[in-house]
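Please keep the sequence and the model in view while reading.

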Amino acid sequence: MKSSTNGLRLITVVLLCGLFFLFAVSVILFGSDLYRSMVDNTDVRYTQRTALSYLVNQVRRGDIAGGVSVETFGGSDALVVREDGYITRLYCYNGQLCELFTEEGLDFAPEDGIAVLALASLTLSAQDNCIYISADGFETAVSLRSAVSEVVS
């Protein structure tokens with residue numbers, strides 16, 4: 001009688017330990033999936049904020065009369081910053097924010113630019129002395145001290 005009671009206790013303890021182990025593993029797997037999705041979301045947001053910050057700082061850097069314009073380059077919007085005979089074009093190409101720094105008057109294609117960071121879409125417009133920037137759904141406006149122009153070519 002005593003051995004059957006001990007056997008029943010042993011089975012109960014083993015089953016409870018097994019249930020605890022399964023519960024612990026399921027909580028760890030759920031937590032790791034949640035953590036992974038949070039990290040992925042944070043990475044996407046970081047990239048978007050970095051792209052906007054980079055573009056805004058480029059606008060501010062070229063904020064002189066005739067220094068900043070919005071143009072069409074390779075079929076999409078491009079931010080163009082002119083200074084001292086050189087042009088910097090910032091545009092979205094093949095899922096990347098690209099930068100093309102050239103001497104003024106030279107023709108280049110969008111694939112000639114250097115990829116700065118991943119960016120799915122970029123929309124630019126110039127209106128009322130402001131540049132409106134939308135990058136992957138994040139939007140901002142930069143007010144200029146100088147005049148701004150929008151050129152469609």
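**Salt bridges, strands and loops**

Arg82 is partly exposed, its relative accessible area being 23%; buried means under 20% relative accessible area, exposed over 50%, and partly exposed in between (1.4 Å probe, protein chains only). This is a predicted model, in which local features need pLDDT of at least 70 and side-chain atom pairs count only at pLDDT 80 or more, while totals for chains, interfaces and linings use all residues. Residues are numbered from 1 along each chain as its sequence is written, and side-chain values use heavy atoms, with hydrogens and water left out.

Q: How many salt bridges does the count come to?
A: A salt bridge is a side-chain nitrogen of Lys or Arg within 4 Å of a carboxyl oxygen of Asp or Glu. By this rule the count comes to 4.

Q: Which residue forms a salt bridge with Arg82, with the closest N and O atoms 2.9 Å apart?
A: The pair links distant parts of the chain, 11 residues apart, with Arg82 in strand 2 and its partner in strand 1. Strands (E, at least two residues) and helices (H or I, at least four) are DSSP runs, numbered from the N terminus. At 2.9 Å between the closest N and O atoms, the residue bridged to Arg82 is Glu71.

Q: Which residues are linked with Glu71 in a network of salt bridges?
A: A salt bridge with closest N and O atoms 3.5 Å apart joins Glu104 to Arg82. This pair spans 22 residues, from strand 2 to the loop between strand 4 and strand 5 (114-118). Glu104 is partly exposed, at 42% relative accessibility. The residues linked with Glu71 in the network are Arg82 and Glu104.

Q: What is the N to O distance in the salt bridge of Arg61 and Glu83?
A: Arg61 belongs to helix 1 and Glu83 to strand 2 (residues 76-83), so this pair ties together parts that are 22 residues apart in sequence. Arg61 is partly exposed at 36% relative accessible area, and Glu83 is partly exposed at 31%. The N to O distance between their side chains is 2.3 Å.

Q: Which side chain of opposite charge is nearest to Asp63?
A: Asp63 is found in the loop between helix 1 (2-61) and strand 1 (68-73). Leaving aside neighbours within four places in sequence, Asp63 is in contact (heavy atoms within 4.5 Å) with residues including Val68 and Leu144. For charge, Lys and Arg count as positive and Asp and Glu as negative, while His and the chain ends are not counted. Asp63 is buried yet has no salt bridge, and the nearest side chain of opposite charge, 4.5 Å away, is that of Arg145.

Q: Which cysteine sulfur is nearest to that of Cys98?
A: A disulfide is a pair of cysteine sulfur atoms within 2.5 Å, and the count comes to 0 disulfides. Cys98 is in no disulfide, and the nearest cysteine sulfur, 7.3 Å away, is that of Cys92.

Q: Is Cys98 buried or exposed?
A: The answer follows from its relative accessibility, which is 4%. By that value, Cys98 counts as buried.

Q: Which residue in strand 8 is the bridge partner of Tyr132?
A: Strand 7 (residues 130-135) and strand 8 pair in the antiparallel sense over 6 bridges. In strand 8, the bridge partner of Tyr132 is Ala141.

Q: What is the phi of Asn94?
A: Most residues other than glycine have a negative phi. Asn94 lies in the loop between strand 3 (86-93) and strand 4 (96-103) and is exposed, with 64% relative accessible area. Although Asn94 is not a glycine, its phi is positive, at about 55°.

Q: Where does Asp136 lie?
A: Asp136 is not a glycine, yet it has a positive phi of about 55°. At 22% relative accessibility, Asp136 counts as partly exposed. Asp136 lies in the loop between strand 7 and strand 8.

Note on methods: Two strands pair if DSSP finds at least two bridges between them.
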